[in-house]
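Please read these comments alongside the sequence and the model.

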Amino acid sequence: MPTGTFGTRGSIGLLTIDSPPVNALGLAVRQAIIDGITAAEADASVEAIVLLCAGRTFFAGADITEFGKPPMRPDLLDVLARIEGATKPVIAAIHGTALGGGLETALACDYRIASPTARVGLPEVALGLLPGAGGTQRLPRIVGAAAALDIITGGKPIAAARALALGIVDRLSAPDDLVDAAVAFAREVVADGAVRRRVRDREDRIAADRAEPGLFDAFRANNPGLLRGVRAPANIIKAIEAAVTLPFDQGMAREAELFAELLHSRESEAQRYAFFAERETGKVPGLAADTPVASIATVGVIGAGTMGGGIAMNFLNIGLPVTLVETRQDALDRGIATIRRNYDASARKGRLDAAEVERRMALLTGTLAMTDLAGCDLVIEAVFESMALKQTIFAQLDAIAKPDAILASNTSFLDLDAIAAATRRPDRVVGLHFFSPANVMRLLEVVRGARTAPGVVATAMRLAKRIGKLPVLSGVCEGFIANRAMGVRMAQADALAIAGASPQQIDRVLVDYGFPMGAFQMLDLIGLDVIGRDSTGRTLMGDMVARDRLGQKKNGGFYDYDAQRRATPSPVADEVIAALAADRGIARRDFTNRELLEQLLYPIINEGAKILDEGIALRASDIDMALIAGYGWPVHTGGPMFWADTVGLPAIVAALRALAAQHGPAFAPSPLLERLAASGGVLHRAVATPSPSLTLERADHA
């Protein structure tokens with residue numbers, strides 16, 4: 001049970017909340033805060049109150065176990081009113097993180113002191129919500145409307161030093177000295193007359209904002225992408241505008257109205273689903289909690305290209321030595337130079353200091369000798385997608401690597417079992433499919449082969465989190481989860497362009513839906529030769545490559561580009577598309593945006609259902625997270641499987657049947673979709689009957 005403990009140091013009351021693991025603001029914690037304030041007020045010797053938390057963090061936010069349940073009193077607003085109405089000054093002592101309701105609690109205190117490693121923030125926008133306990137009303141009174149807009153619509157945590165500069169906290173303690181520093185601060189407050197300093201009463205910053213009536217319209221105009229397809233940022237702007245234009249209590253009422261609109265919106269429901277789905281991806285049924293996990297202290301990476309270099313950076317970032325192998329010195333030098341250039345760019349942006357850049361680079365060793373990988377705990381192959389090449393490399397690694405080393409392939413499409421068969425240790429082989437750029441993209445597909453040992457799976461899943469990735473377990477099939485599901489979108493985009501829709505219309509439909517870029521924009525960015533070089537028959541991308549149209553890197557692609565890489569429609573692309581349509585005898589026509597959206601996205605839902613039905617993915621929610629984290633599927637839709645349920649499975653099945661009648665059996669609804677649509681089932685909650693490649697309890701690894 002969480003506890004609230006009240007004690008004193010002379011005239012300073014210490015109210016300590018201890019509710020592991022993160023002091024979430026659940027009912028018992030809320031009541032403990034109120035009870036502690038009451039106890040402090042009743043003690044005549046107490047002249048000021050320090051509110052602090054035991055354990056690793058200050059209040060980290062709401063209690064997620066209460067999400068979706070009826071509110072219980074006292075609610076957080078009751079708690080904050082009690083703090084603000086206290087008869088004695090209250091000082092918040094912040095360590096760890098103060099996020100969401102945690103920061104709102106601190107803002108209701110008179111003063112705030114933080115440890116130098118603390119972080120604060122209001123991340124509710126990631127759940128499709130706004131801070132609903134006064135965050136939009138109090139924060140602007142401290143930092144001003146412009147900074148509050150950036151902080152709350154961005155949702156990112158703020159480091160203690162910046163919080164101090166902005167005035168969110170009043171001072172920083174020395175490391176490991178927060179409680180003593182908070183008591184000393186409280187004594188200063190008492191010595192200065194125990195002045196109450198309620199944030200709700202401050203007017204100086206918002207008075208200046210009232211002199212800029214165009215502030216909010218300018219923010220909207222300068223951030224169109226922030227508002228596309230989602231409601232939370234728009235309501236946050238309105239709430240902060242209310243803080244500037246209305247008295248505090250009226251502003252709080254407006255915040256409550258805007259919060260309620262979001263709470264019951266489809267977008268917030270989808271984002272809250274994604275919040276929980278993300279936490280589920282690391283849970284592997286049948287994988288015992290005590291499964292031994294290997295210690296990974298040294299890493300080898302084969303291939304110093306864009307992907308290999310990005311993979312190496314993930315491990316350098318957490319302080320692990322990396323041996324980077326190439327076959328030619330010029331390629332190795334180029335790869336190492338690219339890694340340094342990436343780190344130098346981060347340093348110029350203030351994300352790293354020069355000493356940290358050098359520390360990370362010192363952990364990197366380049367070599368042309370595969371034998372230098374002999375001591376590595378983990379070796380990741382990141383070479384060209386050729387089965388013959390990968391099998392050759394794994395056969396070499398089998399002879400070089402130490403017996404307990406984990407051998408991983410970054411293959412994005414190929415059969416991991418065939419790669420593992422080149423070794424005498426297939427139980428030590430796993431797929432680690434990073435997405436490009438590997439040092440940035442969050443998704444890491446952990447691919448379990450038919451003989452991959454449970455301990456190797458457990459190690460890979462834990463290591464993914466250690467390097468800041470979102471691990472999703474996949475069985476073996478062509479393209480695994482994300483590439484297989486999204487591959488059908490590319491096929492449909494090609495087909496629709498040949499049938500008469502322009503690349504610009506197709507891309508616009510996808511961007512309006514919420515993707516960061518359209519299908520053809522993405523191809524131009526990646527490079528048409530990367531995707532189209534292995535085509536055996538005549539294809540749209542193959543014809544573009546034959547015209548030396550490689551995308552942004554050479555001559556343009558489906559778009560033309562100026563020196564600043566601004567895109568305009570390409571007459572050459574239109575000519576290539578029209579020629580291929582004529583060669584195939586296709587009579588081109590116009591398409592409505594609705595037709596395009598259905599033909600582009602419904603097949604992804606269908607493919608996702610097949611992936612689940614085949615046991616390639618463990619859960620429908622894993623497919624959603626793979627596409628959100630790997631392909632930028634808009635989180636406010638919840639991912640394709642969640643979105644399917646909002647559209648209605650009977651409607652999707654009917655649309656797929658119509659497409660199948662017109663275009664062939666590739667559109668035929670999957671058996672799982674048929675079953676769920678007929679039974680009134682829910683797709684996004686569906687789980688797989690595990691395939692052999694995902695079954696963890698097998699005799700050969702008992």
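The points below start with conventions and then take the elements in turn.

1. Conventions. This is a predicted model, in which local features need pLDDT of at least 70, side-chain atom pairs count only at pLDDT 80 or more, and totals for chains, interfaces and linings use all residues. Residues are numbered from 1 along each chain as its sequence is written, and side-chain values use heavy atoms, with hydrogens and water left out.

2. Open sheet. Eight strands make up an open sheet of mixed pairing, ordered β12-β11-β10-β13-β14-β15-β16-β17. From one strand to the next the twist averages 25°. Strands here are DSSP runs (E, at least two residues) and helices likewise (H or I, at least four residues), numbered from the N terminus; two strands pair if DSSP finds at least two bridges between them.

3. Four bridges link β11 (residues 322-325) to β12 in the parallel sense. Val325 has Thr367 of β12 as its bridge partner.

4. Helix across the sheet. Helix α19 (residues 454-466) lies across β13 (378-381), β14 (406-409), β15 (429-434), β16 (443-447) and β17, and runs at about 155° to β17. Axes are lines fitted to C-alpha atoms, for helices over the stretch in contact, and angles run from 0 to 180 degrees between N-to-C directions.

5. A residue of that helix. Ala464 belongs to α19. Is Ala464 buried or exposed? Ala464 is buried, at a relative accessible area of 1% (buried is under 20%, exposed over 50%, partly exposed in between, with a 1.4 Å probe and protein chains only). Leaving out residues up to four places away in sequence, Ala464 touches Leu444, Lys469 and Pro471; contact means heavy atoms within 4.5 Å. Between Ala464 and Glu445 there are 9.2 Å, C-alpha to C-alpha, for a separation of 19 residues in sequence.

6. Helix pair. Helices α13 (residues 266-280) and α27 (residues 620-631) pack at about 100°, their axes 9 Å apart. That makes α13 roughly perpendicular to α27 (the class spans 65 to 115 degrees). Tyr273, Ala274, Ala277 and Glu278 of α13 meet Ala620, Ser621, Asp624, Met625 and Ile628 of α27.

7. Hairpin. Strands β1 (residues 3-9) and β2 (residues 12-18) run antiparallel and are joined by seven bridges. Gly7 stands opposite Leu14 of β2. Two residues separate β1 from β2 in this hairpin, and Gly10 in the turn has a positive phi of about 65°.

Methods. Angles under 35 degrees count as roughly parallel, over 145 as roughly antiparallel, 65 to 115 as roughly perpendicular and the rest as oblique.
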